[in-house]
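Please load the model in the viewer and keep the selection panel at hand.

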Amino acid sequence: LEITTVQTQRVFRDIVFLVDGSNYIGSNNLPFVRDLMINIVNQLDISPDRVQIGLMQFAEQPRIEFYLNTYNNKQDVVDKISQLRLTGGSVLNTGAAMNYAMNNMFQTTAGSRKLQKAVQVLILITGGPPQDNARSEADRLALENILTFTVSSGQADKEEMQKIAFVPNLAYHERSFSDLPAMADVIMPSLITTVGDISVDETDGLSGAERDVAFLIDGTDSVRADFPYIRDFILKVIEPLDIGIDRVRVTVVQHSERPTPVFYLNTYQTREEVIRAVRGMVLAGGRSLNTGAALRYMKATAMSDSHGSRAAQNVPQFLIVLAADRSMDSVKEPAGELKTDGVVPFGVGVKNADKRQIEAISHNPSFAFNVKEFSELGTIPPKVNTYVTLPKDQLAVTLQQDDSRNGLPAFREFVRRMAEELDVGEGSVRLAVVQYSDDATAYFNLRTHKTRKAVIYAIRALRHKGGKTRNTGAALQFVQNHVFSASSGSRHLERVPQVLVLLTGGASSDDVSKAALDLKQIAVFSFAIGMKTADQEELEKISSSSRFLFYFPVFSELLSIQPEVAAFIKSEIQIHPPFGVGKKCQRFIAEIYRILVCVLLPEILQSLNADEPASSSKNFAIYVSFGRCNI
C-alpha cells in the first residue's frame with residue numbers, strides 16, 4: 001500500500017490507537033476504521049523525534065499490534081495498519097483495554113517519550129457500549145497525563161463517549177461507519193494542539209542540552225587579593241559544560257555598589273572565547289555590595305532576551321551568585337522575582353557573607369554554599385554541576401522534588417483528592433480555586449470546569465502566584481464579591497450551600513474581621529486551616545465554628561483532614577440564616593449541590609523573600625516557577 005503525500009504537522013506526541021476488535025465493528029466496517037487511522041497518520045510527521053504511533057485492538061481481551069517504538073517511519077506504520085484484522089467477539093471490555101494501554105503502551109520501555117514531555121494521546125475507536133467501568137479508567141489515564149480522544153459509531157453511546165473523552169469536545173461520533181475516514185480532518189486540529197497540563201516544547205533547533213548559565217560575582221576591592229580564586233571557580237563550573245551559542249551560553253557580571261557586566265550570554269560564540277574572557281577578567285572595584293540591585297539587573301538586563309537569554313524557548317536558566325560580604329540592600333524581593341520567572345539560583349558565600357542572605361538568594365537551602373576561605377571554593381563546582389549538567393527532563397523532575405518541601409504540592413493533592421471524592425459537575429458540585437498574596441486571583445471560577453478530569457488537570461498545573469504580603473482580609477472580600485457571585489457560577493440564590501476552605505501558612509498583613517463576618521452573614525460555611533506561623537486568633541475569626549478550625553505545624557499534615565472536609569461537604573448541611581428568614585429555610589438538605597472554594601495563601605512567598613534564621617520556615621519558602629519546565 002502506497003502512502004499519500006500531504007503536508008505534515010510538526011508536533012511532538014505519542015499516539016496510540018485503541019481499536020474495537022469486536023463484532024460491533026465487524027469485518028464489513030473495518031476498512032472505514034483503517035482508512036480513518038491512515039488518514040490521520042498521513043497528516044503527521046512520523047519519526048522517533050516527532051510523532052510515534054502504536055496500535056492495539058480489544059474485545060474481551062486486549063491485544064497489542066505494535067508498540068510506539070516498533071516502527072520509525074510512515075510507510076511501515078501505514079502498511080501495518082492496512083493489514084489489521086479484527087479478533088471478533090461480542091464482549092467489549094473497554095475499561096480493561098484502556099488500563100492495559102496505560103500500563104503497557106505508555107511506558108518508556110515501549111517507546112513512550114513522556115519523560116521528554118511528548119504529549120501522550122489515546123484514540124479510542126469503537127462501535128459498541130463498554131461492558132465495564134470505562135469512565136474510571138478514563139480518569140486514571142487523565143491523572144497519568146494521557147489525553148483520551150474517542151471516535152465512535154454504530155451502537156456506541158455518544159453521551160457515554162463524551163464522558164470517557166478527556167473533555168466532551170474530544171469525542172467524535174458518526175451515525176455511519178462509512179463517514180469515519182472523513183473524520184480525520186475534523187480531529188486533526190485538536191489532535192495536534194490539545195495538551196492538557198503538559199507543556200510541549202516544539203521549537204526547532206533545541207536538542208534539550210541547552211543551558212543559560214549566569215555568574216554574578218563580588219567585584220569589590222575587598223576581594224582583590226583573592227580574585228584569582230573567583231576566576232578559577234567560574235572556570236571549574238563551566239569546564240564540563242558544552243559551551244557554544246547553540247548549546248550552553250554563559251554570562252559574567254561583577255557587582256559592588258552597581259553591577260558591571262563582563263560579557264553577556266550572546267557576546268561569544270565559542271567555548272574558547274568564553275574561557276579567554278574569564279581568564280582575562282580584571283576586578284571592577286568598589287567599596288560595598290548592593291546585591292539586591294545587582295539581582296534586579298540580572299533579571300532586567302543580563303538574563304533578558306535582548307542579551308541572549310533563551311528562557312522564552314524553555315531553555316533552563318541558572319544563576320550563580322558569589323559574595324564575600326553582606327549586601328547593603330535587601331535581596332529578598334529581587335531573588336523572589338527571579339525564582340518566579342523560572343531562574344534556578346545558587347548562592348555561594350565566602351568569608352563575611354551573610355548566610356541568611358545567601359540562603360534567601362538560593363533556590364532552596366541545599367543550593368546555598370558557604371565557605372570560610374576562597375581557597376575552599378574548589379569544593380563547590382561539582383555540587384553546582386550536579387544540577388546544571390542534568391538532562392532537561394531529569395532536571396525538571398529533580399526541581400519538582402525540591403518543590404515538594406513547600407506547601408504547594410500538599411495543596412494540589414488536597415484539592416485533587418477532594419475532586420476525586422466529590423460528585424463534580426455542572427449540576428452537582430462546583431469547584432473554584434483562588435490564590436492570593438498582595439491581592440487575590442481566581443485561578444478558576446465555579447463555572448470554569450464542568451468535569452472532575454478538567455479540575456484535576458487544572459490543579460496539577462497550578463503555579464506559585466508570587467507577591468510580598470499576605471492580605472487575607474482582602475482575599476476573603478474578593479471571594480465574597482467575585483467567587484460567591486452568580487456571574488462566577490455561584491448558586492447561592494438557589495439556596496445551594498456555599499463552602500469556603502481557607503489554607504494559610506502565616507498571619508495576615510491586613511485585618512480579617514470584617515470580611516470574615518461578612519461571609520458568615522451570607523451563610524458561607526468557612527473552614528480555616530492554618531499551618532506554620534498562622535495566627536490562631538485570625539483562624540478563629542474566619543472559621544464558622546471550632547469544628548471548622550485546624551492547625552498543623554507542617555504542610556504535609558494538611559492531607560490528614562481532607563476526608564473530614566469532604567465528609568462535611570457530602571453531608572446534609574443545615575443552613576441557619578443569620579437574619580429573620582422563614583423556618584422553611586432553616587433546614588436545608590443538600591443532596592446534590594455542594595460548592596467548594598479553595599483559597600491558597602502562598603505563605604511560602606513571605607518566607608521565600610525573608611532573611612530568616614535556619615530554624616524558620618524558609619525551607620518551605622523556596623518556589624521555582626516551573627512555567628518553563630512544566631512538570
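Which residue in strand 3 is the bridge partner of Gln57? Select Gln57 together with strand 3: the bridge partner is Arg63. The model is a predicted one, and every stop below should be read accordingly.

Strands of a sheet pair through backbone hydrogen bonds, in either a parallel or an antiparallel manner.

**Second stop: Asn145**

Select Asn145 in the loop that lies between helix 4 (134-143) and strand 5 (146-152). The phi angle of Asn145 is near 65°, a positive value in a residue other than glycine. Is Asn145 buried or partly exposed? Asn145 counts as buried because its relative accessibility is 18%, and the limit for that class is under 20%.

Select residues 227-238 for helix 7 and residues 271-279 for helix 8; their axes come within 9 Å and cross at roughly 160°. An angle over 145 degrees counts as roughly antiparallel, and helix 7 and helix 8 are therefore roughly antiparallel to each other. Their crossing is right-handed. To display the contact, show Arg231, Ile234, Leu235 and Ile238 on helix 7, then Arg271, Val274, Ile275, Val278 and Arg279 on helix 8. Colouring this contact by class gives 6 nonpolar residues, no polar residues and 3 charged residues.

Select strand 8 (residues 248-255) and strand 9 (residues 259-263), an antiparallel pair joined by 4 bridges. How many residues lie between strand 8 and strand 9 in the hairpin that they form? There are 3 residues between the two strands.

Select helix 9 (residues 291-302) and helix 10 (residues 332-340). Their axes come within 8 Å, with a crossing angle of roughly 25°. Since angles under 35 degrees count as roughly parallel, helix 9 and helix 10 are roughly parallel to each other. Helix 9 passes helix 10 in a left-handed crossing. On the side of helix 9, show Gly292, Leu295, Arg296 and Lys299; they meet Glu333, Pro334, Ala335, Glu337 and Leu338 in helix 10. By class, the residues of this contact comprise 4 nonpolar, 1 polar and 4 charged.

**Last stop: Ala523**

Finally, select Ala523, placed in the loop between helix 17 (513-521) and strand 16 (524-533). Ala523 is not a glycine, yet it has a positive phi of about 65°. At 21% relative accessibility, Ala523 counts as partly exposed.

Conventions
Residues are numbered from 1 along each chain as its sequence is written. This is a predicted model: local features need pLDDT of at least 70, side-chain atom pairs count only at pLDDT 80 or more; totals for chains, interfaces and linings use all residues. Side-chain values use heavy atoms; hydrogens and water are left out. Axes are lines fitted to C-alpha atoms, for helices over the stretch in contact, and angles run from 0 to 180 degrees between N-to-C directions. Angles under 35 degrees count as roughly parallel, over 145 as roughly antiparallel, 65 to 115 as roughly perpendicular and the rest as oblique. A crossing is left-handed if the near helix is turned anticlockwise from the far one by less than a right angle, and right-handed if clockwise. Contact means heavy atoms within 4.5 Å. Ala, Val, Leu, Ile, Met, Phe, Trp, Tyr, Cys and Pro count as nonpolar, Asp, Glu, Lys and Arg as charged, and the others, Gly among them, as polar. Two strands pair if DSSP finds at least two bridges between them. Buried means under 20% relative accessible area, exposed over 50%, partly exposed in between (1.4 Å probe, protein chains only).
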